[in-house]
Amino acid sequence: MPDSFARNLTNLPMNAPDPLPLEFPDFDNSFATLPEAFYTRLNPQPLPAPYPVGVSDEVAALIGLSPEFLQRPEFAEIFAGNRLMPGAEPLAAVYSGHQFGVWAGQLGDGRAHLLGGLRNPQGHWEIQLKGAGRTPYSRGADGRAVLRSSIREFLCSEAMAGLGVPTTRALCVIGADHPVRREEIETAAVVTRVAPGFVRFGSFEHWSSRDRPLELQQLADYVIDTFRPECRDALNPYDALLRDVSRRTGELMAHWMAVGFMHGVMNTDNMSILGLTLDYGPFGFMEAFDAGHICNHSDHQGRYTYRNQPHVAQWNLYCLAEAFLPLIKRPKQAREAIDETYGDAFEATFERLMRAKLGLRAGLDDDEAFVGETFGLLQQHRPDFTLFFRALSRLPAAVDPQNSTKTDAALRDLFVDRSACDAWLSNWRARQAQTPWDDAERQTAMLASNPKYILRNWLAEKAIRQAKDKDFSEVQRLLTCLRNPCAEQPEFEDYAALPPEWASGLEVSCSS
Ligand code: AMP
Ligand code: MG
């Protein structure tokens with residue numbers, strides 16, 4: 001019996017004797033096959049009297065949970081961390097990282113418990129509880145997450161999936177009345193996250209910073225064998241892995257920029273090795289456009305503004321490349337792995353997404369300049385980013401100048417200076433004329449590329465306030481709406497509105 005297993009026996013006897021009415025597929029706990037140095041086995045800490053706050057039936061289906069099971073009392077018990085499902089081998093993983101550009105040393109899952117993974121026809125899914133109590137990596141903190149931040153992570157994970165952005169998913173939020181101290185006393189909640197894997201850039205930095213090439217290689221081999229077997233065919237599989245991460249990170253940044261998503265804490269410990277959006281904290285979606293917007297109230301230097309995100313991701317990739325040096329050996333080669341992939345992946349994906357947003361049927365050489373002009377207009381006049389593209393989607397490519405103010409009203413009304421909008425629109429129409437596209441077809445395509453519904457802070461805040469009063473219906477309604485962000489959903493028309501007056505001072509910080 002491994003040492004740490006014996007050590008953790010003391011915290012094990014939480015499984016109730018009666019069998020769970022849960023047909024759970026066989027676990028495939030691949031991460032737990034890594035040597036014990038990579039994690040600590042330990043059980044979640046029970047949370048008294050848990051109750052479901054929000055449940056994603058889509059994610060439940062992904063991991064094979066039946067709709068009936070979601071209704072059972074055991075559901076909240078399991079995903080609060082009070083009972084283990086058969087086959088679970090809970091553990092907290094170690095990692096390190098750079099925070100706000102500075103080496104922070106060892107971090108690790110301070111409040112996350114990986115229950116295990118399973119493989120099914122839809123893929124490999126790992127199931128992780130966030131907020132289920134202290135771990136050896138909690139560094140003096142309480143291991144808990146509050147209801148507010150858990151609802152935000154739950155809704156945003158599913159909203160991003162709805163938008164087609166690579167992301168970790170969220171099965172549910174389970175709440176409890178257990179008090180948690182932040183700036184004020186709040187209540188505890190646990191989010192169950194589901195993703196192919198939770199390995200971070202910082203997981204690699206951890207071993208290279210400790211001069212432990214063996215573990216570094218074991219981790220790289222694990223990632224390759226589990227997620228990227230095609231890298232094995234390369235001359236240097238680690239170089240291939242680094243290039244894969246770099247390419248996917250470039251694609252991810254393009255997705256974030258195209259939907260106006262700001263992560264808020266792009267530290268290397270929050271960067272997924274699989275190119276997924278990971279660790280939702282003080283994130284935000286762009287509303288009145290400002291490329292310099294800081295969504296994280298604790299980010300005093302503005303390191304993680306909207307416009308900086310692609311640069312920060314590249315900086316983070318250089319940190320990862322440095323961590324890979326013991327595997328790649330030649331610094332020049334490690335740097336090239338990023339330089340030859342990241343920029344191209346970002347630009348190609350961003351160009352594709354922006355072309356779709358602008359309804360450009362085919363690419364022309366000048367498109368980059370036109371996209372630049374568009375962002376210039378947005379920056380100068382600050383219309384709502386989402387409503388701008390949504391309103392544009394419905395406009396005809398040609399317009400009778402006599403009627404244009406009426407035809408273009410929905411877009412023009414987003415501007416104080418309507419003439420600036422008119423000038424840009426006439427350039428857009430000139431560009432449309434260069435690659436003509438049937439109006440109805442183009443409008444359908446644009447409406448499918450330009451969401452109507454995003455997780456605006458005021459929407460999340462409204463759901464959170466009601467949830468604090470034990471009314472969870474708004475969480476579920478928002479989830480339903482955000483699942484189809486591009487569809488017209490008349491019952492949710494209000495959710496597409498600009499923030500109301502009461503929401504103007506909303507701020508989000510790292511406190512979660
Ligand atoms: P974050 O900025 O949320 O990504 O967290 C950075 C590090 O702090 C990670 O190692 C987290 O696990 C840890 N952490 C954050 N909040 C808590 C908490 N309440 N209890 C324990 N660890 C935490
Ligand atoms: Mg984190």
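## Backbone contacts to ligand 1

In this predicted model, a nitrogen atom of ligand 1 lies 2.8 Å from a backbone N or O atom of Gly 143. The protein covers 82% of the 480 Å² of accessible area that ligand 1 has on its own; such areas come from the Shrake-Rupley method with a 1.4 Å probe.

For Gly 108, a backbone N or O atom is 2.6 Å from an oxygen atom of ligand 1. For Gly 110, a polar backbone atom is 2.8 Å from an oxygen atom of ligand 1.

## The shell

Ligand 1 is surrounded by 17 residues (a heavy atom within 4 Å). Arg 139 and Asn 270 are among the closest. By class, the shell holds 8 charged, 6 polar and 3 nonpolar residues. Gly counts as polar here.

## The magnesium site

Asn 270 also coordinates the magnesium ion (ligand 2), through OD1. Donors are N, O and S atoms within 2.8 Å of the metal (3.2 Å for Na, K and Ca); water is not among the atoms, so sites may look incomplete.

## Basis

Residues are numbered from 1 along each chain as its sequence is written, and ligands from 1 in the order in which they are written, with chains lettered from A. Local features need pLDDT of at least 70, side-chain atom pairs count only at pLDDT 80 or more, and totals for chains, interfaces and linings use all residues, while side-chain values use heavy atoms, without hydrogens and water.

How values were computed: A polar contact is a pair of N or O atoms within 3.5 Å; within protein, one must be able to donate a hydrogen and the other to accept it, and residues adjacent in sequence count only if both atoms are side-chain atoms.
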